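Dear colleague,

Please find below the structure that I am handing over to you, followed by an account of what was found in it.

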Amino acid sequence: MTTDVYSTLRVSNEHGVARIILDNPPVNVLDATMMCELRTLLTALADDSTVRVIVFSSADPEFFLAHVDMRIGERMDVLQELAASAPEDVNVFQAVGELIRHQPQVTIVKLAGKARGGGAEFVAAADMAFAATETAGIGQIEALMGITPGGGGTQYLRDRVGRNRALEVVLTADLFDAETAASYGWINRALPADRLDEYVDRVARDIAALPDGVIEAAKRALPADDFKEGLLRENDAWASQIRLPTAQRLISGGLRDGAQTPAGERDLEGLMRGVAH
């Protein structure tokens with residue numbers, strides 16, 4: 001079964017495994033439309049008992065999700081719609097991660113390219129993530145834009161890697177390679193690129209084939225942590241920075257110098273450091 005009703009997602013479902021390919025060229029930004037479509041799709045899948053595993057991957061081999069759209073403020077109509085339907089006490093960006101974290105199915109990210117900012121938060125929200133050693137990269141780029149992560153990243157990071165490494169990730173804004181991310185516990189494991197598809201497919205199929213009730217029992221025994229207070233603190237920190245002139249200058253300067261283009265995104269850290277100086 002395939003579904004073609006989305007503009008930023010490609011969806012198929014076979015043998016209990018739903019495969020969601022993120023497809024929002026030119027660099028797969030997490031924009032308002034994608035957030036809206038993810039909410040619609042994941043809400044529908046939550047009620048589909050025939051789907052037991054969800055695998056997220058990217059149509060772009062270079063970029064899993066580049067980051068949240070730096071022009072997202074231009075889509076206030078969709079943002080207001082998302083805010084109106086978001087759960088209480090989370091912002092529209094956090095709502096994406098929380099939806100993934102509380103999905104009844106097992107969620108798996110197959111990371112072949114780069115995931116920064118909101119893309120990295122997306123990866124950390126999933127139950128499991130596997131990455132290609134040669135090509136994957138993950139990082140929280142926000143500090144170089146004059147802000148802090150605002151889509152759950154601070155809470156997900158601390159839960160996965162500890163406070164000291166979470167501060168390293170947030171404040172250096174570096175792009176971390178797959179092996180380092182795996183050693184930190186940020187992702188499950190790094191694999192050679194030519195083995196990634198086969199490995200993730202096997203894990204997804206094996207989990208989907210488990211006896212009835214096993215997945216539900218495991219997720220009940222190992223529930224997603226409640227980050228309610230932490231997410232409120234995170235949103236306050238993010239909101240206090242995003243409105244400042246410095247953040248607006250850095251974001252507009254990044255867009256001017258090539259952010260959200262393939263060339264600019266290949267070394268976004270270098271580009272943004274150049275804007276800052």
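A residue is called buried if its relative accessible area is under 20%, exposed if it is over 50%, and partly exposed in between, with a 1.4 Å probe and protein chains only. The model is a predicted one, in which local features need pLDDT of at least 70 and side-chain atom pairs count only at pLDDT 80 or more, whereas totals for chains, interfaces and linings use all residues. Residues are numbered from 1 along each chain as its sequence is written, and side-chain values use heavy atoms, with hydrogens and water left out.

Helices (H or I, at least four residues) and strands (E, at least two) are DSSP runs, numbered from the N terminus. Two strands are said to pair if DSSP finds at least two bridges between them. Contact means heavy atoms within 4.5 Å.

Most residues other than glycine have a negative phi, and most peptide bonds are trans. Gln260, which is not a glycine, has a positive phi of about 70°. Gln260 belongs to the loop between helix H11 (245-256) and helix H12 (262-266), and its relative accessibility of 10% makes it buried. His15, also not a glycine, has a positive phi of about 55°. His15 sits in the loop between strand E2 (9-14) and strand E3 (17-22), and is exposed, with a relative accessible area of 69%.

Strands

Strand E6 (106-111) has 6 of its 6 residues buried, so E6 is largely enclosed by the rest of the structure. In a regular strand the side chains alternate between the two faces of the sheet. On one side of E6 the buried residues are Val106, Ile108 and Lys110, and on the other Thr107, Val109 and Leu111. E6 pairs in the parallel sense with strand E4 (residues 53-58) over 4 bridges, where Phe56 has Val109 as its bridge partner. E6 also pairs in the parallel sense with strand E8 (residues 128-132), over 4 bridges; there Leu111 stands opposite Ala131.

A separate description applies to an open sheet of 4 strands in the order E5-E7-E9-E10, with mixed pairing. Its edge strands, E5 (63-65) and E10 (176-177), each pair on one side only. Within this sheet, strand E7 (residues 114-116) and strand E9 (residues 137-139) run parallel and are joined by 3 bridges, with Arg116 opposite Gly139.

Helices

Which residues of helix H3 are buried? They are Val92, Phe93, Gln94, Ala95, Val96, Gly97, Glu98, Ile100 and Arg101; that is 9 of the 10 residues of H3 (residues 92-101), which is mostly covered. The buried residues of H3 pack against helix H1 (32-46), helix H2 (76-85), strand E6, helix H4 (118-125), H5 and helix H10 (228-242). Glu98 has a relative accessible area of 12%. Not counting residues up to four places away in sequence, Glu98 touches Val90, Tyr156 and Leu231.

Two packed helices are described by the angle between their axes and the distance between the axes. Axes are lines fitted to C-alpha atoms, for helices over the stretch in contact, and angles run from 0 to 180 degrees between N-to-C directions. Angles under 35 degrees count as roughly parallel, over 145 as roughly antiparallel, 65 to 115 as roughly perpendicular and the rest as oblique.

The axes of helix H5 (residues 153-161) and helix H6 (residues 163-172) come within 7 Å and cross at roughly 135°, and H5 and H6 are therefore oblique to each other. In their contact, Leu157, Arg158 and Val161 of H5 meet Arg163, Asn164, Arg165, Ala166, Val169 and Val170 of H6.

H5 also packs with H10 at an angle of about 130°, their axes being 8 Å apart; H5 and H10 are therefore oblique to each other. Here Gly153, Thr154 and Gln155 of H5 meet Gly230, Leu231, Arg233 and Glu234 of H10.

Finally, Ala44 in helix H1 is partly exposed, at 46% relative accessibility. The C-alpha atoms of Ala44 and Met145 are separated by 35 Å, and the two residues are 101 residues apart along the chain.

Yours sincerely
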